[in-house]
Amino acid sequence: MRERKPMVVFTFHTTAAAMAMEKLCKARGLPGRLGPTPRSVTSDCGIAWLAPASDREVLENAPGAPEFAGVYEREL
Amino acid sequence: MIYLDNAATSLRKPDCVVQAVSEALCSLGNVGRGVNAGSLSAARVVYGTREKLSAFFGGDDPSRVCFTCNSTEALNIAIFGLLGPEDHIISTDLEHNSVLRPLYRLEDRGAALSFLAADRRGCVDYDALPGLLRPNTRAVVCTHASNLTGNALDIRRIGAFCREHGLLFILDASQTAGSFPIHVAKDNISVLCFTGHKGLMGPQGTGGLVIAPGVEIRPFKTGGTGVQSHLRAQPEAYPTRLEAGTLNGHGIAGLSAAVDFLRETGIENIHRHETALMRRFYEGVRAVPGVTVYGDFDRERAPIVTLNVGDMDSGEVSDILMEDFGIAVRSGAHCAPRMHAALGTTVQGAVRFSFGYFNTAAEADTAVRAIRSIAEE
């Protein structure tokens, strides 16, 4: 079993916005990765940005970030 | 074969495009369908291409680059997604059926159309534009350059006219994208419709729209998006708003490489080369007895020379060029009925020579000799 950790989950309105997030984070050395949106957040499919919950603030306030559909914290 | 039908498609593609498509065929999954290495590789390629095209065309947001199969699909999306039966729309005699037929369908539903007339040289009188305005005029929909004569329209001027009168400006850049500077913001373009397989030198089956801020197009088609799957309606955010179903990821990978090639080569260098070939050919045939060349060669234009030889059937001339000289051109109506009517060539058609970046001066000279030979017979 994968060990569960507190994570922040950023969701997006489009796949394009998720890709913009990945590009931004890679360029600025920000933490996280793309992954499936947890079903506990929404059953609407889609790509989410997943990062340790402790990094929520830096990611949420990253200049130039795409619009988030939602920001959630989950044990993943 | 000497290929001089680049206005139909650029047959020769840059090597990097061939390589990119080949690699994509072996590596790309489906954009936004699941989150695995394959789907993410496709999503990165597609998003990267949106970024490149947005920058290339002076857009301000990669999410406002929406992919289609070609410019015809893009034009249908723009026209039916922005205009309705209550509207009056201005277009021109230069248009291809990709503009005309959607407009005629709108007219059948109640919309009113006015066309900026072209003269026998295929030129329009911009001073006539204000006289076409009506209280319910909503948009100007036009090509950047005629696919028949190569005559270019002054889109900066038309964009300024649209800005002054609060009109949408939908531009068909099929004949100019890749070899003319086009800037959505500076030219006040509301929706730029492009195809990937002509001057952009990408694969067939690629194209799209670049949409200005504030322009909200009703979705033309609805379906699978990979996101917001439990919504009844198509998601509202661009680009998903206009993209239902699987994208041509392999083609878009090739288009991405093509844009890289264009930027590295420089569209001003491409334009200069193609224009030089067009003028070389034009100077070689313009004075040949019996040859009639159509269009305005006194100003900036697309690299097209269209002609007839006496009263010969244009199809016969193109067949002789192909069979006896190995030269590929396009004859007939060119999907441009109003332009042919203005030129007086509806019955005879015309023979179109269109030059591309990979053509050479020697090929243009061979084509001149072929026309001289046919005209002398």
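Colleague: Before we look at how the chains meet, what does contact mean here?

Modeller: Contact means heavy atoms within 4.5 Å. In this predicted model, 17 residues of chain A are in contact with 19 residues of chain B.

Colleague: How much area is buried between chain A and chain B?

Modeller: Buried area is the accessible area (1.4 Å probe) that two parts lose on being put together, summed over both. For chain A and chain B that is about 1,500 Å², with carbon and sulfur atoms giving 61%.

Colleague: And how many salt bridges does the rule find across that interface?

Modeller: A salt bridge is a side-chain nitrogen of Lys or Arg within 4 Å of a carboxyl oxygen of Asp or Glu. The rule finds two between chain A and chain B. One of them joins the side chains of B:Arg44 and A:Glu22 (2.5 Å, N to O).

Colleague: Which element gives the most to the side of chain A that touches chain B?

Modeller: Helices (H or I, at least four residues) and strands (E, at least two) are DSSP runs, numbered from the N terminus. H1(A) gives the most, with seven residues. Helix H1 (15-28) and strand E2 (33-36) of chain A each supply at least two.

Colleague: Is B:Met322 buried, partly exposed or exposed?

Modeller: Buried means under 20% relative accessible area, exposed over 50%, partly exposed in between (1.4 Å probe, protein chains only). B:Met322 has 31%, so this residue is partly exposed. B:Met322 lies in helix H9 (residues 314-325) of chain B.

Terms used: Residues numbered from 1 in each chain as written. Chains lettered and ligands numbered in written order. Predicted model: local features only at pLDDT ≥ 70, side-chain atom pairs only at ≥ 80, totals over all residues. Heavy atoms only, no water.
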